[in-house]
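Hi everyone, thanks for coming. I'd like to walk you through one structure today, a few spots at a time, so let me put it on the screen.

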Amino acid sequence: MGDPCTESNSMAESDSKPPSASKNGKGEGGSGHSFFTWFMVLALLGVWTSVAVVWFELVDYDDVLARAKEFRYNISEVLQGKLGAYDADGDGDFDVEDAKVLLGLKEKPSILVERRAEPESLVEEPEAEPEPEVVEEMIQPSHAEEAAWPFPDPVEEEPVVLEEVEPEGEEEPVEDEAAPEIEISEEQVEEAQVDWESELEGEPEVAEAEESAPAEEDEDDSLSEDAGENQDTASVPEGDDDVYGSQSMDVESEIQEDHTEDAIDTIGEIVEEAVPEETEEELDHEELLEVDQGDEPTREDENPQEAEEEPAPAEDQPVEKVLVTAEAAQEQKPKEKVKKKKPKLLNKFDKTIKAEIDAAEKLRKKGKVEEALRAFESLVQRYPQSPRSRYGKAQSEDDLAEKVRSNEVLLKAINTYREVAELPDPPADLVKTTLKRRAERQQFLGRMRGALATLEWLVQLFPEDISLKNDLGVGFLLMGDNKNAKRVYEEVLAVAPNDGFAKVHYGFILKSDNMIAESIPFLREGLQTGDPGTDDGRFYFHLGDALQRVGDSSAYEWYELGHQRGHFASVWQRSLYNVDGLKAQPWWTPRETTYTDLVKTLEKNWKTIRDEALSVMDPSRGLFVPEDENLREKGQWGQFTLWQQGKKVEKSCRSVPKTCALLDRYPEATGCKRGQIKYSVMQPGTHVWPHTGPTNCRLRMHLGLVIPANGCQIRCTNQTRAWEEGKVLIFDDSFEHEVWQDASSYRLIFIVDVWHPELTQYQRQTLSPI
């Protein structure tokens with residue numbers, strides 16, 4: 001250090017002189033001192049920063065996690081115990097104390113809290129048995145963790161814990177942060193899931209699990225729902241009017257629909273029993289098994305405790321026990337289904353081309369109908385003797401017919417189904433499924449004779465299959481051949497006396513033959529079995545009706561049961577072809593219907609309508625026809641129809657032109673496809689059984705034309721009223737109603753059905769006729 005004065009003089013001199021420059025234009029003076037000074041400053045800052053980190057416990061946790069990432073540590077393993085040795089406080093997480101140990105700033109604790117000691121031994125010391133409670137608390141993986149765990153070295157207890165413990169969301173931030181950093185192939189994930197699921201279910205592991213075999217939920221065709229609705233439409237007879245006749249005929253037409261859905265699950269609601277380790281062939285077999293067996297009715301309010309009770313005798317059994325019996329029987333069905341052998345769809349040759357068949361089938365299941373059809377057509381051209389390829393072609397044609405709404409394409413599918421069964425070596429299960437589907441499609445098109453021939457063919461090929469005989473009985477019913485249907489069900493009950501499906505249908509036939517008392521035990525016992533195809537509103541309807549006719553008050557218990565099962569809107573309103581959400585009340589006023597203009601026209605012109613009716617009542621002309629729907633207990637009841645199912649009966653209107661001209665202005669009546677317009681004459685001494693109409697989509701108007709002073713009444717639910725000449729009564733005939741004619745002369749009324757006022761114009765146009 002020099003003299004300060006000298007140093008100041010030197011500095012002044014240096015300021016007065018221009019600075020010298022080096023060759024590159026930069027100054028040379030003091031650069032070395034500046035570099036050294038900054039170096040020392042930085043070094044001192046580093047030293048004091050290190051001291052601060054230790055003294056003030058400042059730790060870079062991101063750096064710690066980065067180290068874990070570098071060593072490819074799995075965060076889920078960290079939580080399970082691979083870094084558990086550093087869990088100094090035993091609190092189950094990675095905190096400040098744990099970081100000190102990892103950085104070497106603190107010694108590793110020799111003894112952890114008891115709560116963490118066991119999980120550590122679970123991984124580090126396999127010989128020590130872990131406590132179940134600790135494992136349950138330690139291992140709570142999310143679905144993403146399951147896929148991320150390393151393989152093939154899981155802890156033995158992990159599958160059990162995954163089954164019993166639901167993830168609570170603990171350590172979620174850590175899981176989310178670490179999950180993307182774990183690299184595991186999809187094959188490893190699927191193999192591990194297969195191993196875990198097989199351990200969870202107590203089943204042996206399957207070594208060869210095909211990745212391309214997901215459990216599809218649409219094995220059969222997608223035509224089902226529209227097929228059911230259109231089957232209802234196609235089967236409705238264009239016969240006489242009123243409630244029970246149409247309803248009973250629709251019972252016959254709808255029987256096949258429901259039973260077909262039970263026998264062939266066209267909707268594709270497959271019970272998810274398949275597990276990932278099953279091969280694709282086994283999955284196809286299981287799906288087809290469900291197709292054969294169909295859906296079974298289920299109830300959300302089943303009571304397993306009540307189901308253990310012994311049912312009371314049929315005659316004295318209350319409705320609660322009846323319900324329990326049916327539900328208990330249904331609860332056993334899935335167990336029986338599991339025990340049944342899976343059907344085989346592939347013969348030896350088809351197994352050699354299974355990969356090609358699977359590829360084409362995958363296209364069909366994905367909804368690529370045209371591509372699937374081309375693929376199966378190519379297979380059929382190359383392998384004309386392949387039953388499974390031809391069956392896939394038929395299914396694709398079936399799907400395409402639904403997609404483009406083409407009966408012509410559907411006929412091709414029906415023909416291809418037949419070709420499958422005619423090939424030299426088709427598997428028996430494939431033949432059965434193919435022909436059952438063919439019969440269903442034929443019935444959909446209204447080709448009942450062809451469907452009956454297909455069903456007879458099935459019974460010849462598989463004479464021991466009771467379900468096929470049941471289908472054949474339904475086929476005869478759809479043909480109106482009750483005699484042969486009765487014979488078939490008698491044969492079924494001779495070998496299978498407890499077959500519920502055969503019982504309810506046999507009881508229905510007996511009731512149709514007016515053997516009321518004889519039909520009751522078959523209908524009742526059939527419903528109590530809970531067998532597939534028995535839990536149907538039509539059988540509750542007919543059993544209750546039969547009981548009413550023999551004076552048995554338990555009829556309303558069965559109606560209540562049908563209501564509880566969802567078949568009836570209420571005990572009183574028991575129509576079967578309904579639109580949900582419509583206003584429901586037994587009696588209506590003209591204003592409530594919104595058809596006041598129509599009502600005024602009828603009442604204003606009632607004498608004209610009456611006079612034309614009297615002109616056609618002449619016995620010599622014989623235009624009135626007897627009611628033939630088995631609604632009368634006694635007496636005579638005749639009808640003369642002007643409109644039926646929204647179609648004008650021209651011949652009848654030529655006899656009563658003025659009346660028809662009045663009505664032509666009211667499409668709510670003439671366009672009502674679920675109703676009629678007709679005259680009704682009832683002679684003294686007539687009683688009409690309590691009954692309900694088939695649908696809630698209409699209201700019924702009665703215009704009094706010739707009404708005796710006393711003795712003529714109509715009851716709807718619990719309200720009884722009488723007609724008046726020139727006045728209109730309006731009621732909803734989907735509610736139970738009953739008629740008495742105890743006067744000394746005939747009663748003549750004019751019946752006009754109108755659409756329910758809450759139906760939209762679109763609904764009125766698209767609803768099927770009844």
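Let me start with a question: which residues are buried in helix 18? Keep in mind as you look that this is a predicted model. The buried ones are K354, I357, D358, A360, E361, R364 and K365. Now look down the axis of helix 18: these buried residues line one face of the helix, because they fall within an arc of 170 degrees.

As for its dimensions, helix 18 covers residues 354–365, twelve residues in total. From its first C-alpha to its last, helix 18 reaches 16 Å, close to the 16 Å expected at 1.5 Å a residue. Just after helix 18 comes G367, with a positive phi of about 85 degrees.

Let's stay with backbone angles for a moment. Most residues other than glycine have a negative phi. Here are two residues with a positive one. R405 is not a glycine, yet its phi is positive, at about 55 degrees. You'll find R405 in the loop between helix 20 (387–404) and helix 21 (407–422). T717 is not a glycine either, and it has a positive phi of about 55 degrees. T717 sits in the loop between strand 9 (712–716) and strand 10 (719–721).

Is R405 buried or exposed? R405 has a relative accessible area of 55%, so it counts as exposed. T717, on the other hand, has a relative accessible area of 6%, so it counts as buried.

Next stop, a lysine. K503 belongs to helix 26, residues 500–512. Its relative accessibility is 9%, and therefore K503 counts as buried. What does the side chain of K503 make a polar contact with? The partner is the side chain of E525, at 2.9 Å. The K503 side chain also reaches the backbone oxygen of P497, at 3.5 Å. If we leave out residues up to four places away in sequence, K503 touches L493, P497, N498, F522, L523, E525 and G526.

Now for a threonine. T593 lies in helix 30, which runs over residues 590–593. T593 has 0% relative accessibility, so it counts as buried. Its side chain reaches the backbone nitrogen of Y595 at 3.1 Å. Leaving aside neighbours within four places in sequence, T593 is in contact with W588, L699, I730 and P757.

Let me zoom out to finish. The chain has 770 residues, and 50% of them count as buried. There are 36 helices and 13 strands. Among contacts with a separation of 6 or more, 72% come from residues 24 or more positions apart. The accessible surface of the chain comes to about 37,900 Å², and carbon and sulfur atoms account for 51% of it.

Technical notes. Residues are numbered from 1 along each chain as its sequence is written. This is a predicted model: local features need pLDDT of at least 70, side-chain atom pairs count only at pLDDT 80 or more; totals for chains, interfaces and linings use all residues. Side-chain values use heavy atoms; hydrogens and water are left out. Helices (H or I, at least four residues) and strands (E, at least two) are DSSP runs, numbered from the N terminus. Buried means under 20% relative accessible area, exposed over 50%, partly exposed in between (1.4 Å probe, protein chains only). Contact means heavy atoms within 4.5 Å. A polar contact is a pair of N or O atoms within 3.5 Å; within protein, one must be able to donate a hydrogen and the other to accept it, and residues adjacent in sequence count only if both atoms are side-chain atoms. The expected span of a helix is 1.5 Å times one less than its number of residues. The arc is that of the directions from the helix axis to the C-beta atoms. Accessible areas come from the Shrake-Rupley method with a 1.4 Å probe; for residues, only the protein chains shown count as cover.
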